[in-house]
Structures are given as structure tokens and as C-alpha cells.
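The exercises below concern one protein chain. Please study its sequence and fold before reading the solutions.

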Amino acid sequence: MSELVLRIITGKKDLIITDCETQKDMKRLGGARSVCLDAYGTDSDRKKYDLEIQRADKGDEPHRARYHSSVLDIENLHSGQEFKELPDTYTIFITEEDFFGIGKPVYPIERMNLAAGNFFEDGEHILYVNVEYKGESDIGRLMHDFNCTRADDMNFELMAERTQYLKENPKARFGNPKEVLDNSVFASDVEVKKQGKMNWKLNLN
């Protein structure tokens, strides 16, 4: 599921997720504020992804995105490595409401060299995803599924199957894909098949 969501959000149709862990506790410097990522993934090119589900009333403040992005850097450069070995990182906030209020489906945030007028190209990427967006594109169809309560009305079969599973599973508390996303979408597909159950670590509280 994480692979489907990331392919649509990033526009990388050939993206392959090789590892995904929910509620990932990241290492940090002594005394620094701790961070627990909703979902932490790696693709076949070693790019790193932090996916965060944000309620309308908290958690999507830009400084938080900056902090999460910095934590990914600390996690992925070890003693003796060169700075150029840092992998590209994607910090993605999936927001219940349109944070920037201008109706776009995805807001890519990139560093710029203002004097030269071009991208800084340091490999850091921050994206805000607007779940309120409606449209006929893949991202619009995905946002429709996030807001849909009936599996039969969904565009993407994988989303429908996962949502129906949650409705039928006696442990499931949720039946809306925004809630599915927050509770199981980022569970490793391998882990799901292996354990025969979903990963219930994420919540909206």
C-alpha cells in the first residue's frame, strides 16, 4: 500500500519500496526532542521517505517538517561517511485539510538559491498532500479514495481491499481510507502476508 501511495504522490510510477516500518523511533542527539515517524520507508535507489498523517488541528506546522527532515539526515549518515553519501529524503505530510489553501493536490517544498534563481539540489524534499483535493488525475482519484467510506466506490483496488479488510476484521476500528492510511496503509505488505494481520500502531489521536 505504501508503494501505491508514494508512486502517486511523487509521480514516480516505477518506484519500488524495499522496506517500510511504522512508528519508527529515530535516533537523536542527547537532550534533543525525540521523533517517532508514522512510517519510514526506503526505495530501491536508497531514497528515504517519512510519511506523516496530520489532523486538521495539529502537527503540520512548517518547522515540524523541517525537524523531521533533519532527523532523516542524522539517521542516514554514519561516522566516516562523506556528506555526499547522504541519500535523498522525502518528508511527506498528508494533511486532512488544505494547509496552504490554494487548492493544489501536492505542494512540493524545495530549497532555492535565491541569487541564482535555481534549485539548491541538496536532496532534501518536503511535500504537503491535500486530502481535500478533488480531480480526475491519479492524485485526485487517490484523494477520493481517502475520503470514501464504501470499498465498492473506490478507484484503486488495493485501497478497496485494505479498507474492506479493516471493516471485516474484528480488531478494526476504522472504515475510512484516511483512517486506514493512518492505521495500516504503511504496514509492510510482506509483514501483512507473513502475519496475516494488519499493523495497528498508527492512530489519529
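The model is predicted, so local features need pLDDT of at least 70 and side-chain atom pairs count only at pLDDT 80 or more, whereas totals for chains, interfaces and linings use all residues. Residues are numbered from 1 along each chain as its sequence is written, and side-chain values use heavy atoms, with hydrogens and water left out.

**Exercise 1. Describe the overall composition of the chain.**

Step 1. The secondary structure comprises 6 helices and 8 strands; helices (H or I, at least four residues) and strands (E, at least two) are DSSP runs, numbered from the N terminus. Read from the N terminus, the order of elements is α-β-β-β-α-β-β-β-β-β-α-α-α-α.

Step 2. Of the 205 residues in the protein chain, 45% are buried. Here buried means under 20% relative accessible area, exposed means over 50%, and partly exposed lies in between (1.4 Å probe, protein chains only).

Step 3. The accessible surface comes to about 11,300 Å², and carbon and sulfur atoms account for 48% of it. Accessible areas come from the Shrake-Rupley method with a 1.4 Å probe, and for residues only the protein chains shown count as cover.

Step 4. Among contacts between residues at least 6 apart in sequence, 54% join residues at least 24 apart; a contact means heavy atoms within 4.5 Å.

**Exercise 2. Determine the strand order of the sheet and locate the helix packed on it.**

Step 1. The sheet is open and has 6 strands in the order β1-β2-β3-β4-β8-β5, with mixed pairing. Its edge strands are β1 (17-25) and β5 (106-109), each of which pairs on one side only. Two strands pair if DSSP finds at least two bridges between them.

Step 2. Neighbouring strands of this sheet are turned by 20° against each other on average, direction ignored. Axes are lines fitted to C-alpha atoms, for helices over the stretch in contact, and angles run from 0 to 180 degrees between N-to-C directions.

Step 3. Strands β3 (residues 48-54) and β4 (residues 89-95) run parallel and are joined by 7 bridges. Leu-51 has Ile-92 of β4 as its bridge partner.

Step 4. Helix α2 (residues 62-75) packs on the sheet, where it touches β1, β2 (36-43), β3, β4 and β8 (124-130). The direction of α2 makes about 145° with that of β4.

**Exercise 3. Is Lys-24 buried or exposed, and which residues does Lys-24 touch?**

Step 1. Lys-24 is part of strand β1.

Step 2. Its relative accessible area is 17%, so Lys-24 is buried.

Step 3. Leaving aside residues up to four places away in sequence, Lys-24 touches Val-35, Cys-36, Leu-37, Tyr-40 and Glu-75.

**Exercise 4. Compare two surface sites in loops.**

Step 1. Arg-33 belongs to the loop between β1 and β2, and its relative accessibility of 68% makes it exposed. Its C-alpha atom is separated by 9.5 Å from that of Tyr-67, 34 residues apart along the chain.

Step 2. Phe-99 is placed in the loop between β4 and β5 and is partly exposed, at 32% relative accessible area.

Step 3. Together with Phe-100, Ile-102 and Ile-109, Phe-99 forms a nonpolar surface patch with about 350 Å² of accessible area. Patches are made of residues with over 30% relative accessible area and no salt bridge; like charges are joined within 9 Å and nonpolar side chains (Val, Leu, Ile, Met, Phe, Trp, Tyr) within 5 Å.

Note on methods. A salt bridge is a side-chain nitrogen of Lys or Arg within 4 Å of a carboxyl oxygen of Asp or Glu.
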